[in-house]
Amino acid sequence: GVVVGNTLNAFTIPVSETAIGYMLCFLRALPFMDDSMREGIWNKPATTTISECTIGIVGVGNIGQAMVRRLRAFGCRILVNDIAPIKPDFLIENRIEAVSLPELLGQSDIVTMHTDLNPTSRHLINSSTLAMMKPTGILINTSRGPVVDEAALVEALENGKLGGAALDVFETEPLPGDSPLRKFKNVLLAPHNSNFSP
């Protein structure tokens, strides 16, 4: 006697806004300047804008499409990738490019993950795919934790192969206290909260 339903699009707007918030944090260095100011350091780091970047969106379902609509206002180049066909009219109307995953990873300044979790997306981001990204690239995951191989991500961060990451989801939740992800200054962490809004 219990009704079970799927509230389609309930999380679309808050998750897409959270991902863009992370982009702004990294590109404008907002949390990092705040840290410096609180330490009494007048540090003015080199920053950039979304409009000067190529943004790669992996997964073009409801949230991925919401990302496209919002990012268009910033004037950036947008690359998309999905295992499902993307409607040609959506690509044309939004002036975006559908490319292979290696192309997207290699060309994007920021890669934001918006896939569901299934056998084809588990550890989609791994040591091989991370090696395709720019060493200055930023990875954002607000989708599902196991989409990213955390051990491979830690290794890439330790070796300077990645500019940073923002993670709202993890392979084990809550994030274990001894997770090496906690030690990086260039990693922003959140408790699986990007979907929250009234």
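Which residues of the largest nonpolar core touch the most other members? In this predicted model, local features need pLDDT of at least 70 and side-chain atom pairs count only at pLDDT 80 or more, while totals for chains, interfaces and linings use all residues. Residues are numbered from 1 along each chain as its sequence is written, and side-chain values use heavy atoms, with hydrogens and water left out.

The largest nonpolar core has 28 residues, and V111, M113, L130, L139, L153, L162 and L181 touch the most other members. A nonpolar core is a set of buried Ala, Val, Leu, Ile, Met, Phe, Trp, Tyr and Cys residues joined through side-chain atoms within 4.5 Å; buried means under 20% relative accessible area, exposed over 50%, and partly exposed in between (1.4 Å probe, protein chains only). At least two residues of this core come from each of α5 (101-107), β4 (110-113), α7 (150-158) and β6 (164-167). Helices (H or I, at least four residues) and strands (E, at least two) are DSSP runs, numbered from the N terminus. The most is given by α7, with five residues. Another core, of 27 residues, lies apart from this one and includes V68, L71, L91 and I140.

Leaving aside residues up to four places away in sequence, L181 touches E150, L153, V154, L157, L167, F170, L175, V187 and L189, where contact means heavy atoms within 4.5 Å.

Seven strands form an open sheet with parallel pairing, in the order β3-β2-β1-β4-β5-β6-β7. Two strands pair if DSSP finds at least two bridges between them. The edge strands, each pairing on one side only, are β3 (97-98) and β7 (187-189). Two bridges join β3 in the parallel sense to β2 (residues 77-81), and L79 stands opposite E97 in β3.

Helix α1 (residues 12-27) lies across β1 (54-58), β4, β5 (138-141), β6 and β7, and runs at about 150° to β6. Axes are lines fitted to C-alpha atoms, for helices over the stretch in contact, and angles run from 0 to 180 degrees between N-to-C directions. In helix α3 (residues 62-72), the buried residues include G64, A66, M67, V68 and L71. The buried residues of α3 pack against α1, β1, β2, α4 (88-94) and β4.

The disulfide count is zero, a disulfide being a pair of cysteine sulfur atoms within 2.5 Å. The sulfur of C53 is 7.7 Å from the closest cysteine sulfur, in C76, and is therefore too far for a bond. For C25, the closest cysteine sulfur is that of C53, at 14 Å, also too far for a bond. C53 counts as buried because its relative accessibility is 6%.
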